[in-house]
Amino acid sequence: MHRSIYLSICLFSLVSSVHVFAEVNTYVENESVKTPLRTKIAAKAQQLQTQLKVDASAAQAEEVKDPFQPLNRKIYQFNDAIDRTVVRPIAVQYVEKVPQDVRGSYTNFRNNLGEPWNVVNQLIQGRPTRAAKSLGRFTINTLTTLGLADPARRLGLSHEDERFGTTLGYYGVASGPYIMLPFLGPSSVRGVIGTAVDSQTRPQKYLLEDEDGLYWTDQFWRAIDNRSEILDVEGVLTGDRYAQIRDIYLQRTNYAIAEKKGTEQDTLFLEDDFEEDSSEDIPFDENNIESSEEDL
């Protein structure tokens, strides 16, 4: 099946394999010839295994949460180039040319399509009350407006986005190190697994299976709609934007899990970073931080 998520994961896996092999080869060449090759490779494999077991958070040292940083930064630069030359300019025109009501209806529609999967995740998490609210939202919004509006919110049924990666985190599955995926942006080992599962639950996958043109048109406008939603706040990032995007992603992910467990803090410690304004642009892998994983 032709799905961008698989392409991105395969690309990352290929580049990562080359990167790891290069590190092992360099390690072997630099070590004493007295050490058996098998021992050297085993030591490197053990190091990689330890890295994959980490539960990444923004407060950790960079070598712990982001051991693949050299590779991640290269992928970030690739994503940023695509954003600056293609995605952001189209998103700007989308906001300027398409009325807010139309854009809002499209956002509501795609959010509504995701409600059944939200219900499944909430049931897996052992939160039946929250699942009932999400099911109520889907039923009311679908029957009244086909999901183009959100009357359920006025009845106190708020939207709560769910992903399988978050559900894994809810049960204590470690995130693994931070990973920057081509096209999709910020993620982690757990996030990649969750995204692969999430991609199989989208109604569009089955409704548009034999309609390549419609499928890719839908994917394109979902990406543009996601990008347009952060145009007003993209200037808050200053300095090392790669590091800030990484830490924001990790903090938001951990906060979302803690919130569902009821153990969240009152505020995100990174909130203060957003008080200053800047004219700098945010790259595509930005807050597609979350949106990219959800919609591609």
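Analyst: Begin with burial. A residue is called buried when its relative accessible area is under 20%, exposed when it is over 50%, and partly exposed in between. E160, at 16% relative accessibility, therefore counts as buried. Keep in mind that this is a predicted model.

User: What percentage of the residues in the chain is buried?

Analyst: Of the 296 residues in the chain, 45% are buried. The chain exposes about 15100 Å², and 60% of that is supplied by carbon and sulfur atoms.

User: How many helices and strands are there in the chain?

Analyst: The chain has 14 helices and two strands. As for contacts with a separation of 6 or more, 73% are between residues 24 or more positions apart.

User: How do the two strands pair, in the parallel or the antiparallel sense?

Analyst: Strands count as paired if at least two bridges are found between them. Here β1 and β2 (residues 185-188) pair in the antiparallel sense over four bridges. Y178 stands opposite S188 in β2. The hairpin has three residues between the strands, and F183 takes a positive phi near 75° in it.

User: Which way do the residues of strand β1 point?

Analyst: In β1 (residues 178-181), Y178 and M180 point one way, while I179 and L181 point the other way. All of these are buried.

User: Now salt bridges. What is the general idea?

Analyst: Side chains of opposite charge can pair when their charged atoms come close. The cut-off is a side-chain nitrogen of Lys or Arg within 4 Å of a carboxyl oxygen of Asp or Glu. By this rule the structure has 18 salt bridges. One of them joins R110 and D225, with the closest N and O atoms 2.7 Å apart.

User: Why does the pair of R110 and D225 tie together parts that are 115 residues apart in sequence?

Analyst: Because R110 lies in helix α5 (residues 100-113) and D225 lies in helix α12. Both R110 and D225 are buried.

User: Which residue forms a salt bridge with E160?

Analyst: The partner of E160 is K260, and the closest N and O atoms are 3.0 Å apart. This pair also links distant parts of the chain: K260 is in helix α13 (residues 241-261), E160 is in the loop between α8 (151-154) and α9 (164-170), and 100 residues separate them. K260 is buried, at a relative accessible area of 12%.

User: Is D161 buried or partly exposed?

Analyst: D161 has 25% relative accessibility, so D161 counts as partly exposed. D161 forms a salt bridge with R163, the closest N and O atoms being 2.8 Å apart. R163, at 12% relative accessibility, counts as buried. Salt bridges can also share partners, and in this way E62, K65, D66, R246 and D247 are joined into one network.

User: How many aromatic pairs does the structure hold?

Analyst: The structure holds eight aromatic pairs. To name the geometry of a pair, use the angle between the ring planes: under 30 degrees is stacked, over 60 is edge-to-face, and the rest are tilted. The rings of Y94 and W221 have centres 5.6 Å apart and planes at 35°, so this pair is tilted. Y94 lies in helix α4 (residues 69-97) and W221 in helix α12, so the pair ties together parts 127 residues apart in sequence. Y94 is buried at 9% relative accessibility, whereas W221 is partly exposed at 35%.

User: What are the ring distance and angle for Y215 and W216?

Analyst: Their ring centres are 5.2 Å apart and their planes are at 80°, so the pair of Y215 and W216 is edge-to-face. Y215 is buried, with a relative accessible area of 4%, and W216 counts as partly exposed at 37% relative accessibility. Elsewhere, Y76, Y178, Y242 and Y249 form one aromatic cluster.

User: Which residues is S228 in contact with, leaving aside its neighbours within four places in sequence?

Analyst: With those neighbours left aside, S228 is in contact with A91, Y94 and V95. S228 lies in helix α12 (residues 212-228) and is buried, with a relative accessible area of 11%.

Technical notes: Residues numbered from 1 in each chain as written. Predicted model: local features only at pLDDT ≥ 70, side-chain atom pairs only at ≥ 80, totals over all residues. Heavy atoms only, no water. Buried < 20%, exposed > 50% of the residue type's maximum accessible area, 1.4 Å probe, protein only. Contact = heavy atoms within 4.5 Å. Areas by Shrake-Rupley, 256 points an atom, 1.4 Å probe, with all protein chains shown as cover. Phe/Tyr/Trp six-rings, centres within 6.5 Å; stacked < 30°, edge-to-face > 60°.
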